[in-house]
Amino acid sequence: MTNSDKKGPQKKVGAAILTIEILRELAKRKGAMGVTLLARHINRYPGTVYSVLKTLQDEGIVNFNPSNKTYSLSYAGLLEIVGQQQPDDLLLRVEPEMRIKANELGTCLYLSQHIRTGSMLVVSRATPDQPVAIFTRVGTRFPTCVGGAGRLHAGWQNLDKDHLAASYEDMKWVRGKPDVDTWIDQVHRDIKQGFAYEENSLPEGLASIAVPLKSQDTKIKYIFNAIGPRGNFAGDGMDAHVTALKSLADFAENILKK
């Protein structure tokens with residue numbers, strides 16, 4: 001008999017049980033739930049449920065809708081943990097649109113979700129019918145503070161120079177690090193035009209365009225990316241990609257508003 005056998009059953013941790021109850025209740029619901037209703041369904045105090053929900057929100061496991069103060073499970077957060085999960089309504093409806101655009105452009109398209117501080121997760125992808133040499137799987141995680149997406153994240157929160165200077169120090173540079181003033185000018189340009197073009201954070205010969213979804217607060221929650229050979233973005237290709245990604249962003253934003 002081992003020492004662990006002698007100790008008998010392990011005592012259950014109350015906070016862990018409450019967390020599981022919350023996740024199970026949210027999983028049963030098709031829509032989002034407010035704190036009071038959720039607490040009533042699991043027979044818990046709203047204040048305690050609220051504290052756990054906020055922790056789960058910070059960790060990217062649940063989404064919070066500030067317009068109606070409701071919570072729902074985050075597909076990206078669950079995907080990061082379990083590696084596979086049924087997509088939510090946004091992904092089910094946006095994926096066909098992404099496939100159409102990918103074939104029109106001949107470029108790989110990705111939708112990424114901000115799951116927690118410093119992390120984005122690819123939650124959907126669409127590749128054109130013709131062979132491509134670029135592939136990033138759903139579930140791939142990458143830092144928010146890199147490349148064009150990093151500039152959008154920094155500028156979306158605040159265009160104050162001190163804030164941007166601090167964000168500049170947090171950026172991860174692959175190559176071609178600009179000076180801080182040049183980078184801040186890039187951020188202002190990207191925010192004004194509503195997209196970011198990037199080459200330096202990708203393998204040689206590739207480029208990307210990032211377009212964020214509009215948000216009700218100061219954080220970017222989703223970003224559409226087009227990644228392909230730089231030649232795909234030359235000439236009229238740049239405008240075609242920007243138009244396509246902004247159209248996808250508008251389509252997705254309308255879904256999220258419902």
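The lining of the second largest pocket draws at least two residues from each of strand 4 (108-116), helix 7 (147-157), strand 8 (206-212) and strand 9 (222-229). Helices (H or I, at least four residues) and strands (E, at least two) are DSSP runs, numbered from the N terminus. This is a predicted model, in which local features need pLDDT of at least 70 and side-chain atom pairs count only at pLDDT 80 or more, while totals for chains, interfaces and linings use all residues. Residues are numbered from 1 along each chain as its sequence is written, and side-chain values use heavy atoms, with hydrogens and water left out.

A pocket is an open set of points on a 1 Å grid over the protein atoms alone, where a 1.4 Å probe fits, with protein on both sides within 12 Å along at least five of seven lines; its lining residues have an atom within 4 Å of a point. The second largest pocket is lined by 21 residues, and Phe142, Ser201, Leu202, Asn225 and Ile227 lie nearest its centre.

Helix 7 is mostly covered, with nine of its eleven residues buried, where buried means under 20% relative accessible area, exposed over 50% and partly exposed in between (1.4 Å probe, protein chains only). Among the buried residues of helix 7 are Arg151, His153 and Ala154. Ala154 is also in contact with serine 167, as is Trp183, when neighbours of the serine within four places in sequence are left aside; contact means heavy atoms within 4.5 Å. Serine 167 belongs to helix 8 (residues 161-170) and is buried, with a relative accessible area of 15%.

The loop between helix 8 and helix 9 (180-193) holds lysine 172, which counts as partly exposed at 47% relative accessibility. Lysine 172 and cysteine 145 are 27 residues apart in sequence, yet 6.0 Å apart in space, C-alpha to C-alpha. With neighbours within four places in sequence left aside, lysine 172 is in contact with Pro143, Cys145 and Val146.

An α-helix has 3.6 residues a turn, so residues three or four places apart point the same way.
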